[in-house]
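Please look over the sequence and the structure below before reading on. The paragraphs that follow go through the core, the strands and the salt bridges.

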Amino acid sequence: MTRQASDPLQALRARRRELAAAITGVGFTATGTVLQVRTVCGSPGCACHADPDKRHGPYWQHTCKIRNKTVTRRLTPAQAALYQEWISNERALRDLLAQMQQLSDQARELLLPGPPGHQSPAANPRDNQNQKRGT
């Protein structure tokens with residue numbers, strides 16, 4: 001490998017180590033959404049039916065998909081705060097993994113260049129999507 005190809009590769013490896021360290025710092029994760037809702041009860045004479053400002057709540061809810069079914073769970077304010085943190089951690093983790101994938105694509109281009117005039121798979125994301133679909 002030439003010195004010219006080694007320097008960018010070393011930089012990619014250093015960045016990968018930084019990302020790996022950041023991943024180890026991510027705490028618990030969760031998927032889904034945390035919402036604060038106000039509800040209408042089942043008592044027909046209750047004021048919550050006539051006036052939206054008199055609805056019951058606010059209540060915290062966590063909604064997510066489990067085995068292709070939407071599951072909603074009522075939470076305490078403390079639980080809602082934890083879920084919000086964990087959902088934020090999940091997004092951060094996905095972002096870090098996407099950055100690692102980009103680094104891997106760049107390293108692959110440095111280590112495994114295609115023939116002259118060859119367009120790399122990473123150069124046109126639409127082509128990658130079509131290949132995955134088999135079109």
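**Cores, strands and salt bridges**

The largest nonpolar core consists of eight residues: Leu-9, Leu-12, Leu-19, Val-26, Leu-96, Met-100, Leu-103 and Ala-107. A nonpolar core here is a set of buried Ala, Val, Leu, Ile, Met, Phe, Trp, Tyr and Cys residues joined through side-chain atoms within 4.5 Å. Buried means under 20% relative accessible area, exposed means over 50%, and partly exposed lies in between (1.4 Å probe, protein chains only). Two elements, α1 (3–24) and α2 (77–111), each give two or more residues to this core, and α2 gives the most, with four residues. Apart from this core lies another one of six residues, including Ala-30, Val-34, Ala-80 and Ile-87. In soluble globular proteins, nonpolar side chains tend to be buried together.

The model is predicted: local features need pLDDT of at least 70, and side-chain atom pairs count only at pLDDT 80 or more, while totals for chains, interfaces and linings use all residues. Residues are numbered from 1 along each chain as its sequence is written, and side-chain values use heavy atoms, with hydrogens and water left out.

From the N terminus, the elements follow the order α-β-β-β-α-α. Helices (H or I, at least four residues) and strands (E, at least two) are DSSP runs, numbered from the N terminus. Of the 135 residues, 18% count as buried.

The strands come next. Strand β1 (residues 33–39) pairs with strand β2 (residues 56–66) in the antiparallel sense over six bridges; two strands pair if DSSP finds at least two bridges between them. Val-34 has His-62 in β2 as its bridge partner. Strand β2 also runs antiparallel to strand β3 (residues 69–75), joined by seven bridges, and Thr-63 has Thr-72 in β3 as its bridge partner. The hairpin of β2 and β3 has two residues between the strands, and Arg-67 there takes a positive phi near 50°.

The structure holds three salt bridges, each a side-chain nitrogen of Lys or Arg within 4 Å of a carboxyl oxygen of Asp or Glu. Glu-18 and Arg-15 form one, with the closest N and O atoms 3.0 Å apart. These two residues are separated by about one helical turn, because they are three residues apart in helix α1. Glu-90 and Arg-94 form a salt bridge at 3.5 Å, N to O; Glu-90 counts as buried, at 15% relative accessibility.
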